[in-house]
Amino acid sequence: MSLSQRHLALILIAPGLVLVAALFLYPLGFSLISAFSKDGAFTLEWFAKAFELYSTDMVFTVVIVLTSCALTALAAIVIAGTLTLGENRWIVGTLKALYRWPLFIPFIVAAQCMRTFLAKNGLMNNSFVSLGLMEPLQAVSYLDWRGIIATFVWKQTPFVALLLAGALASIDRATLEAGRNLGASRLRVLIELALPQVMQTLLVALVLSFVTMLSVLSVPLMVSGSQPTMLTVDMAFRINAYGDYATANALGVITYLISAGAAILYLRRGLSQEAPR
């Protein structure tokens, strides 16, 4: 590459680097400094305050996101497996036409939809009462941790299923057909032959979903306003109610470490698969 080409390459990537520095690196550095300092001196006071006030919410956040990821993976495997190995054209065509819709719905709209669906007098309970499956006095609200999980799973399943279905469609069909010819059921072919070949894609999709769900504010705020709640709500509360940016930044660093843990697990799995055997 000649010198002029190098300069041209730098000019082309410069706007992107400036945006990354201004919109990500600078706020991240400012937040880290704010979380670890007080009056210009190093301190862990804000982290101690964050653990004292919100340790329950930290556990709640991790449990909610991990449970949502597990249920999302299960639903995505069912959808992708049906799309790839299904033999009923009507079911496959209907599923293919419908499963992507939540991809185009913002989280805040999804949260509002769930509020009207899962409330005590919402669409779900009213439908059960109308069908005679439930007495009106038996209706309960699901606008708590169950509503958060339902919203996350409903919103993220199409994303994971889309990536997984693409990966399943790209594997060698001869292997799957051989399994079927030997008498294996479609479920066994999916679990024992197809899924091991696309596990890396599934893991990537789940790590991305994990980080996405960890950063969503609108869903826990609108679906479940009571305690315990997720760390994003706590950060917003510290800033809006008290102007306490230091504790909010400490909670942000803790959230970043949780998401980094998921990334490390993914990288370690990728490196172990690439290592020579």
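The protein you see here has 12 helices and 2 strands, where helices (H or I, at least four residues) and strands (E, at least two) are DSSP runs numbered from the N terminus. This is a predicted model, in which local features need pLDDT of at least 70, side-chain atom pairs count only at pLDDT 80 or more, and totals for chains, interfaces and linings use all residues. Residues are numbered from 1 along each chain as its sequence is written, and side-chain values use heavy atoms, with hydrogens and water left out.

Confidence next. pLDDT is the predictor's confidence in each residue, from 0 to 100. The mean for the protein is 88, with 96% of residues at 70 or more. Helix α2 (residues 45-85) has the highest confidence, at a mean of 94, and helix α7 (residues 173-181) the lowest, at 82.

Now the fold. Along the sequence, the order is α-β-β-α-α-α-α-α-α-α-α-α-α-α. The C-alpha atoms fill a box of roughly 75 × 70 × 35 Å along the principal axes. Taking a contact as heavy atoms within 4.5 Å, 72% of the contacts with a separation of 6 or more join residues 24 or more positions apart.

On burial, 36% of the 277 residues count as buried. The cut-offs are relative accessible area under 20% for buried, over 50% for exposed, and partly exposed in between, with a 1.4 Å probe and protein chains only. Cys69 is buried because its relative accessibility is 7%, whereas Cys113 is partly exposed because its value is 38%.

Last, disulfides, meaning pairs of cysteine sulfur atoms within 2.5 Å: the whole structure has 0.
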